[in-house]
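Please walk through the structure below, taking the arrangement of its chains before the local details.

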Protein chains: 2
Amino acid sequence: MELRKLLRPSSIAVIGANDKNGFGKSTCINLLSSPLKDHIYFVNPRREEVFGKKCYDKISDLPEKIDMCVIILNKTLVPGAIEEAAAAGCRAAVVYASGYGETGDKEAEEQLRELCRQHDMAVMGTNCAGFINNLDGIFAFGMLVNREPQAGNIAIISQSGKICLNMMQIRHMNYSYLISSGNSTCIHVEDYLEYLIHDEDTKVIGLYLEGIKDPEKFTRVLAAAAKKRKPIVIMKVGKTAKGSALAASHTGSLSGSDKSFDAVVKKFGAIRVDDIEELAEMCHLLSVIPMLPPKPALSAMCLSGGETGICADMGTLMGLSYPELAPDTAEKIRELLPGYATVANPLDMSATLAHDGERYAQVIQAFMDDPSIGLIICGQTVLQHHEKQDVIYPMSDGMVMAARKKKKPIVVMSFFNSSRDETIRQKLESEGVPILPATGGGFKLLRYLMDFVSYDPDAHTLELAIPHGTGKQNVALSERESKLELKKYGIEVPEEYVVTEKDQLDEIEIEYPVAAKIVSPDILHKSDVGGVKLNIQNREELRAAFDEVIYNAKSRCPDAQIDGVLVNRMLPPGVEVIVGVNNDPQFGPMVLCGLGGVFVEVFKDAALYPAPLNREEALHMIQSLKGYKLLSGYRGGKEGDVEALADLVVQVAGYAAENKDTLAELDINPVFVYPKGEGVAMADALIVKRR
Amino acid sequence: MELRKLLRPSSIAVIGANDKNGFGKSTCINLLSSPLKDHIYFVNPRREEVFGKKCYDKISDLPEKIDMCVIILNKTLVPGAIEEAAAAGCRAAVVYASGYGETGDKEAEEQLRELCRQHDMAVMGTNCAGFINNLDGIFAFGMLVNREPQAGNIAIISQSGKICLNMMQIRHMNYSYLISSGNSTCIHVEDYLEYLIHDEDTKVIGLYLEGIKDPEKFTRVLAAAAKKRKPIVIMKVGKTAKGSALAASHTGSLSGSDKSFDAVVKKFGAIRVDDIEELAEMCHLLSVIPMLPPKPALSAMCLSGGETGICADMGTLMGLSYPELAPDTAEKIRELLPGYATVANPLDMSATLAHDGERYAQVIQAFMDDPSIGLIICGQTVLQHHEKQDVIYPMSDGMVMAARKKKKPIVVMSFFNSSRDETIRQKLESEGVPILPATGGGFKLLRYLMDFVSYDPDAHTLELAIPHGTGKQNVALSERESKLELKKYGIEVPEEYVVTEKDQLDEIEIEYPVAAKIVSPDILHKSDVGGVKLNIQNREELRAAFDEVIYNAKSRCPDAQIDGVLVNRMLPPGVEVIVGVNNDPQFGPMVLCGLGGVFVEVFKDAALYPAPLNREEALHMIQSLKGYKLLSGYRGGKEGDVEALADLVVQVAGYAAENKDTLAELDINPVFVYPKGEGVAMADALIVKRR
């Protein structure tokens with residue numbers, strides 16, 4: 001399957017060309033103005049011509065071999081058209097037709113997929129709006145594009161065609177491609193992504209996603225992008241049940257669990273944004289800046305105290321840092337500003353330099369030369385139609401002067417969105433200085449940028465343990481079986497014995513106090529049936545406990561299979577932690593780590609990360625917990641053995657990855673974390689297998 | 001002091017009129033184009049004329065009595081100008097001059113304040129940029145306003161002049177007034193606020209605030225606005241230490257504690273936004289919609305599944321609700337849409353109605369008629385320069401038709417900001433249909449709106465306990481004194497005795513087990529010095545404990561004054577809660593309530609609310625805790641006595657309000673909350689007085 005023939009064709013046939021309102025008419029108009037127009041052919045046996053252009057009866061009549069065809073026919077006619085195109089040597093097509101999986105007809109979709117596979121045909125769609133290629137000026141797109149092609153370095157892949165059109169209409173965004181992937185019947189989002197990651201003309205890739213189909217390929221391309229440091233910005237719906245339900249009915253794709261998706265994105269260092277406007281503006285920011293900030297640290301300079309205060313507040317609230325200025329930076333700036341100005345970061349310059357572009361540039365330059373600063377924010381609202389005398393003219397001159405040094409990125413932070421003076425915007429952005437959205441949005445973009453800058457692909461395991469054909473039935477192992485399974489894998493499990501006869505108790509060498517618990521595959525909640533006795537102080541008590549738990553289990557669960565009594569040492573109390581696994585059907589085992597009990601249950605304070613993972617990743621998970629304080633010496637208490645906990649998390653992730661096809665869930669709850677150097681111990685474990 | 005003469009003068013003198021770049025020139029140009037221009041006079045003894053207009057030597061030379069003067073003189077000349085103006089019968093002035101409190105010269109500022117008080121002169125400033133009055137077309141403003149006056153219903157008060165100018169430049173916002181308050185030397189923000197709350201021309205008030213000066217008046221005007229349901233939208237900097245430091249150096253005003261401020265705003269139902277763009281857009285939304293939604297519940301209708309999914313996701317993430325449609329609403333909509341459309345809320349209409357304004361209006365109408373819905377979102381991106389054939393034309397026709405029924409508000413949710421087609425915007429907004437910012441921002445505005453709609457002024461105590469002249473020295477009471485103080489106020493304190501002689505123990509009738517604690521004003525952390533013995537089972541153990549705690553205290557704190565030993569019943573354990581008070585220097589006692597221990601310390605899970613408060617407010621505080629689950633029957637546990645806890649919170653707030661001038665801090669920690677009907681009990685209490 002060759003995506004290049006699809007996206008950069010040298011000749012195009014429009015099958016079913018017509019001039020009726022809708023996708024057909026729009027496609028014809030879009031393509032007629034293409035630079036390729038002498039190699040664009042209309043095919044429609046019922047029409048002599050459309051928009052003055054000759055219509056051929058069939059694709060085999062065309063005077064040259066066709067790279068790609070756009071099929072404007074309804075569902076029933078599509079397979080025939082594909083056959084004909086393939087017979088004529090065409091290997092790529094756009095199919096607009098809908099009524100497939102998204103409305104329930106999965107069979108037709110499967111048949112079409114098979115047909116394309118047979119003919120090695122690269123088909124965009126179904127249920128799509130085609131694509132816009134600005135590099136060659138080809139708008140093979142079903143909605144009218146009211147804009148001249150303008151080559152840019154942002155590529156967009158969107159399951160929704162309308163969002164492609166809206167993004168194309170944003171005048172300050174310049175794209176290489178906008179691809180509406182629709183149902184991804186044949187070519188998946190992951191395939192386009194792979195193409196674009198290796199496309200030299202594309203600097204940033206934006207993804208509007210409802211779900212993905214091929215998690216393995218998705219993982220592979222994310223890993224490739226991470227290694228190339230090519231930014232992928234992702235907006236995915238389905239964060240909430242309402243959104244997810246709608247996504248499913250729209251393209252019939254599996255939304256998967258949103259939290260797992262989020263964890264995957266984090267692992268591979270892609271940028272997940274919260275809304276579609278952020279998707280556009282984040283792509284724009286990455287598109288315009290000529291280099292990444294060398295470090296995730298800001299400086300800001302504004303003309304008024306009010307604006308400086310807002311930059312300080314908003315940046316700090318977003319978790320960004322304004323480092324103290326180096327003494328010589330401060331000195332250089334002090335010389336440039338009036339005496340009453342306070343030199344600090346962020347900097348209230350006062351309005352005095354607003355009319356002096358050269359000195360304004362020198363202040364930027366001073367920030368650029370400070371090794372602790374990674375990016376310079378120039379605070380100034382750019383609105384529509386600025387008057388000649390507006391300070392934005394000398395200020396933007398200053399920004400351009402400084403930007404030409406190509407040392408560190410400069411951005412303009414506006415305080416209001418409203419609209420933008422396009423002359424000013426073009427002047428600045430052609431020099432690599434983007435105008436950001438107003439502060440709430442603008443600082444959030446900088447947060448994303450700095451997270452991207454902070455990510456190191458070499459510190460992450462760039463793989464997932466994606467399951468293949470797991471069973472559907474869940475079977476829970478007993479605590480004993482669960483622990484044995486973990487022990488077999490090499491995970492340390494506290495000393496314990498299973499006893500079937502009371503007299504075996506006499507042979508046990510164990511340190512008291514101990515606990516006795518019923519062993520039964522049929523009893524999951526042992527304490528609910530009186531199947532647990534704790535704090536047993538000596539052998540005599542242990543013998544009594546043996547009778548009691550067996551009696552309780554038998555009398556309350558007469559049908560349960562009783563495999564004996566588990567005896568284990570009472571663990572000294574420690575900080576209670578839960579380590580668990582949930583096997584996501586798409587992305588495989590997700591490892592969870594959190595403080596136990598109410599912390600995870602009420603406060604949802606847990607970190608989720610895909611298996612497998614390394615020690616650094618495990619430590620990062622643990623440190624990301626709000627309750628991490630409890631493990632790091634809270635209120636003068638001892639520091640917990642975080643290292644040992646991280647080791648356990650790595651081991652559990654390894655076990656889960658190895659068993660990705662058979663593991664459903666795993667809970668080690670609680671794990672007791674002891675003071676530094678004293679390790680951790682699991683008090684209970686539960687494995688649920690999928691068969 | 002008469003603000004009307006200042007803000008709506010019939011005659012104006014510009015003292016120090018000139019044509020040099022800066023505030024002087026800009027003010028003259030701004031005022032020369034005013035409809036009032038025959039009643040505007042320039043005063044400057046050094047000039048014959050400025051911009052062709054005659055200059056008088058002094059204000060007393062003017063041919064009519066002057067309502068207001070704009071003083072464009074530096075600091076040293078201001079008092080003389082004020083004197084002269086007052087002598088000429090003028091009672092209002094704008095003073096631009098800076099160099100007062102904001103740069104450290106508090107004395108000059110105090111002198112000017114006193115001078116204005118003597119002459120009953122309403123002075124805007126110092127260190128301000130003046131004001132814009134669009135009602136009468138008067139721009140008494142020091143920066144050039146490149147816009148015709150256009151009367152609107154939004155009033156802005158901003159400590160920063162630049163922000164006034166930027167807001168005026170937003171073409172889709174129409175204002176009654178924009179007031180740059182500067183240092184508030186004479187007229188405070190609170191005074192303008194009071195004027196505007198009673199101003200019939202103003203529907204919404206926007207406030208850009210660095211701090212307030214007169215908390216009592218602020219409270220009074222917020223209460224008046226709450227009762228009138230006149231929305232006040234507040235953006236305040238100083239959320240973070242960096243922002244706060246800058247705010248202080250900018251206008252010399254006290255930022256106060258941001259969290260207390262937030263609690264005050266909540267109590268009075270004002271709307272606090274997070275950034276300055278939100279301030280503008282929230283004012284705009286409230287300005288345009290013709291009525292408030294009758295209930296805080298949304299419906300949304302979009303042309304594509306992608307957009308519908310985004311509305312579902314973003315609204316739900318913002319905590320907003322899309323109610324299920326009533327059966328006849330669903331039926332009406334089903335009849336309007338093609339058969340394959342799924343009728344739901346939010347509604348994916350598909351594109352079929354995009355060209356049919358009338359049917360589009362009927363869908364809006366169906367939502368409007370549904371009693372469970374409060375507001376209708378029409379999802380459609382409005383960009384710049386829409387082409388004639390764009391669906392926005394029939395769609396906006398439909399919105400206008402439905403809006404004219406004046407039943408419920410309709411808003412347009414765009415998916416991208418970019419810029420807006422002004423023709424479409426004016427068409428819609430003149431009918432009361434605002435175009436919101438793209439989804440992240442747009443749904444946040446709806447969240448603010450719905451919070452405002454949900455607020456009921458009658459359910460709140462619209463007062464604060466603002467302290468007057470509290471002392472500066474903090475003095476801690478002992479646990480015993482603290483509890484006695486609370487008991488005196490009528491708060492229930494568990495049975496306890498203070499014993500100074502060991503033999504007194506024999507007289508105590510108390511239920512065991514008990515605790516013994518050292519009583520000393522000098523020992524705050526009793527257990528750290530061995531001054532606490534718990535779980536004492538009988539009189540014999542109690543006698544031993546008496547000796548032990550006295551011995552420990554004396555040996556470890558030889559200089560401490562020992563007042564005896566406190567004996568109290570060991571309280572049965574319950575859910576641990578903290579109830580506390582912090583006395584904010586501006587807004588008085590702030591009552592805190594949170595789950596005890598790590599919940600409040602690590603997770604910061606606490607609610608803050610100003611005293612006094614009523615039972616509903618106390619219950620709301622408790623229910624707002626993330627850990628509320630622990631009090632409401634967590635994991636099959638018993639429901640806690642939330643009612644009794646609310647009673648305690650109300651009592652504590654009452655005590656704090658009564659002692660606002662002497663209380664510094666109060667901690668009741670822990671309070672044990674017992675199962676429903678069994679009340680609460682305080683285990684420890686600490687009062688810190690300020691003397």
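**From a loop residue to the interface**

D120(A) sits in the loop that runs between α4 (106-118) and β7 (122-125) of chain A. Although D120(A) is not a glycine, its phi is positive, at about 50°. The coordinates discussed here belong to a predicted model, so the predictor's confidence comes next.

Chain A has an average pLDDT of 91, and 97% of its residues score at least 70. For the complex, the predictor gives an ipTM of 0.86 and a pTM of 0.90. One stretch of chain A needs separate mention: over residues 248-256 the pLDDT stays under 50, and for this stretch the model has 28 contacts beyond four places in sequence. Where pLDDT is low, predicted coordinates should not be read in detail.

How are the two chains arranged? Chain A is superposed on chain B by a rotation of 180° with 0.1 Å of shift along its axis, and the RMSD is 0.1 Å. The two copies are thus related as by a two-fold rotation axis. In chain A, the C-alpha nearest that axis belongs to S419(A), and the distance is 2.6 Å.

The contact between the copies can be described next. In chain A, 73 residues are in contact with 73 residues of chain B. Of the interface residues of chain A, 100% are also interface residues in chain B, so the copies meet through the same surface. About 5,900 Å² is buried between chain A and chain B, and carbon and sulfur atoms give 62% of this area.

Which charged pairs and polar contacts cross this interface? Side chains of opposite charge can pair when their charged atoms come close. Between chain A and chain B the count is 2 salt bridges. K162(A) forms a salt bridge with E307(B), with the closest N and O atoms 3.0 Å apart. The rule also finds 12 residue pairs in polar contact across the interface of chain A and chain B, both residues of a pair being at pLDDT 80 or more.

On the side of chain A that touches chain B, the elements giving two or more residues are α5 (161-168), β13 (232-236), α8 (241-251), α10 (276-288), α11 (305-317), α16 (439-454) and α19 (598-601). The largest share of that side comes from α11(A), with 11 residues. Sorted by class, the side of chain A that touches chain B has 27 nonpolar, 27 polar and 19 charged residues.

Salt bridges can also be followed over the whole structure, which holds 78 of them over all chains. One example is the salt bridge of D258(A) with R272(A), where the closest N and O atoms are 2.7 Å apart. D258(A) lies in helix α9 (residues 258-267) of chain A and R272(A) in strand β14 (residues 271-273) of chain A, so this pair ties together parts that are 14 residues apart in sequence.

The peptide bond from N345(A) to P346(A) is cis, with omega near 0°. P346(A) is in the loop between α12 (327-336) and β16 (347-348) of chain A. Another cis peptide bond leads from A611(A) to P612(A), with omega near -5°. For P612(A), the location is the loop between β27 (606-610) and α20 (615-623) of chain A.

Technical notes. Residues are numbered from 1 along each chain as its sequence is written. Chains are lettered from A and ligands numbered from 1 in the order in which they are written. Side-chain values use heavy atoms; hydrogens and water are left out. Copies are superposed by least squares on the C-alpha atoms of residues with pLDDT of at least 70 in both. Contact means heavy atoms within 4.5 Å. Buried area is the accessible area (1.4 Å probe) that two parts lose on being put together, summed over both. A salt bridge is a side-chain nitrogen of Lys or Arg within 4 Å of a carboxyl oxygen of Asp or Glu. A polar contact is a pair of N or O atoms within 3.5 Å; within protein, one must be able to donate a hydrogen and the other to accept it, and residues adjacent in sequence count only if both atoms are side-chain atoms. Helices (H or I, at least four residues) and strands (E, at least two) are DSSP runs, numbered from the N terminus. Ala, Val, Leu, Ile, Met, Phe, Trp, Tyr, Cys and Pro count as nonpolar, Asp, Glu, Lys and Arg as charged, and the others, Gly among them, as polar. pLDDT is the predictor's confidence in each residue, from 0 to 100.
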